[in-house]
Amino acid sequence: MVLLYTIARRADRWYLSSWMDSTPRAYHGVCSLDRLIYIIGGYDGHNYFHTVRSFDPVSKEWRERACMYHARCYVSTCVHDGKIYALGGNSGMTRLSSCERYDPAANQWQLIAPMNWPRSDASAAALDGKIYIVGGFDGQLVLDYVEVYDCAQNQWSYLAFMSQPRSGVSLVAFRGCLYALGGFNGVDRLSSCERYDPESGSAATWQPCGAMLDARSNFATAVLDGRLYAVGGFDGSLPVPSCEYYEPETDSWRPTAPMNLSRSALGACVLAGLPNAREYSFHREEGRRDDGAEDNTSNDRPRQQQQQQQQSNGIGGNVIG
């Protein structure tokens, strides 16, 4: 099943929500749009999905959405201008260069121009009106290729290559730059990171930046309260629960609370300003889970810690994976 974890950053604690989806998925896309969480494509160990599900964290309802044109496992997803983009992936038969765009108002997918190179296990992000995708695997090679999509022209172009190939990489738009984090280079899991500044123009190249504390691939990332988080992933031997965040001021990473469960091939997104945010945090009513059932987990926490958490100034947002 799909498990929902949330973190209340000021409390620095992860919380397992009771509102789960019954369909197991891995290597899927996760996006938030209009206060809904979208689960896109993926794989359950047997089937490659073209299905899409959404979760409303206010009403706590899961809904089926329009299916994609193609099944996509290891799909790269991002949101731009009120629409969701699903790029590349593995259909179960081949790596894909095809791309499609979802309009939630029409509940409809539309095929857009294919990429110049097929890739799965890549990562995508939107920045300044363009869609970027980096790395991945084409069935033979781990890629260092980078492409950019011009939405107005419906056209893909190559950009400067990364400094090394990366699959299972995470691409994040953060403070006006693109950050390519971690991944797998065909030999080792990586802790290294690199940054690309589109404002540098045609001379722009990928520059090294602070390495993560832990090497990881197929992990989740999110930006919350000015911090860039890396969550879970695979270290080359096992899935990991560890989490860390990047401080651009010091160009360094710091550890934060680990998840309660080791997970890789996961996704994360941020939802801010939910009217019922307390239900997804340790600020909820003491002794109650979010489904209203009795919860004894809080009884193990010292009362002083509970009081400190209750006196916090609220939640800037929830990372939901």
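Reader: Which residue stands opposite V134 in β13?

Author: In this predicted model, V134 stands opposite V146, which belongs to β13. The two strands concerned, β12 (residues 130-134) and β13 (residues 146-150), run antiparallel and are joined by five bridges.

Reader: What makes β12 and β13 a pair of strands, and how many bridges join them?

Author: Five bridges join β12 to β13, and since two strands pair if at least two bridges are found between them, the two are called paired.

Reader: Why are β19 and β22 called edge strands of their sheet?

Author: Four strands form that open sheet in the order β19-β20-β21-β22, with antiparallel pairing. β19 and β22 (252-256) each have a single partner strand, so one side of each is left without a neighbour in the sheet. From one strand to the next, the twist averages 25 degrees. Within the sheet, β20 (residues 227-231) and β21 (residues 243-247) pair in the antiparallel sense over four bridges, and V231 has C243 of β21 as its bridge partner.

Reader: How do you know that K60 and E279 form a salt bridge, and what is the distance from N to O?

Author: The side chains of K60 and E279 meet at 2.4 Å, N to O, and because the cut-off is 4 Å between a Lys or Arg nitrogen and a carboxyl oxygen, the pair qualifies. The two residues come from distant parts of the chain, 219 residues apart: K60 lies in the loop between β5 (52-56) and β6 (61-65), and E279 in the loop between β23 and α1 (303-310). In general, side chains of opposite charge can pair when their charged atoms come close.

Reader: Are the two partners buried or exposed, and which values place K60 and E279 in their classes?

Author: K60 has a relative accessible area of 15%, and because buried means under 20%, K60 is called buried. E279 stands at 28%, which lies between the 20% and 50% limits, so E279 counts as partly exposed.

Reader: How do you know that E100 and R72 form a salt bridge?

Author: The closest N and O atoms of E100 and R72 are 2.8 Å apart, so the pair meets the 4 Å cut-off. E100 sits in strand β9 (residues 99-103) and R72 in the loop between β6 and β7, 28 residues apart. Both E100 and R72 are buried.

Reader: What makes D214 partly exposed, and what is the relative accessible area of R216?

Author: D214 has 34% relative accessibility, between the 20% and 50% limits, so D214 is partly exposed. R216 has 0%, which is under 20%, and therefore R216 is buried. Their side chains meet in a salt bridge at 3.5 Å, N to O. Elsewhere, salt bridges that share partners join D21, R53 and E64 into one network, and a search of the whole structure finds 10 salt bridges.

Reader: What is the volume of the largest pocket, and which residues lie nearest its centre?

Author: The largest pocket holds about 870 Å³ of space. Of its 36 lining residues, V30, T77, A124, T221 and A268 lie nearest the centre. The elements that give two or more residues to the lining are β3 (29-33), β7 (76-80), β11 (123-127), β15 (170-174), β19 (220-224) and β23 (269-271). By class, the lining has 24 nonpolar, 11 polar and one charged residues.

Reader: What makes β3 mostly covered, and which residue of β4 does V30 face?

Author: Four of the five residues of β3 are buried, and V30 stands opposite I39 in β4. Strands β3 and β4 form a hairpin with two residues between them, where D34 in the turn has a positive phi of about 50 degrees. In β4, five of five residues are buried: L36, Y38 and I40 point one way, whereas I37 and I39 point the other way.

Notes: Residues numbered from 1 in each chain as written. Predicted model: local features only at pLDDT ≥ 70, side-chain atom pairs only at ≥ 80, totals over all residues. Heavy atoms only, no water. 1 Å grid on protein atoms, 1.4 Å probe; cavity = no way out; pocket = protein on both sides within 12 Å on 5 of 7 lines; lining within 4 Å. Points joined across faces, edges and corners; volume = space filled by probe spheres on them. Nonpolar A, V, L, I, M, F, W, Y, C, P; charged D, E, K, R; others polar. Axes fitted to C-alpha atoms, helices over the stretch in contact; angles between N-to-C directions. Buried < 20%, exposed > 50% of the residue type's maximum accessible area, 1.4 Å probe, protein only.
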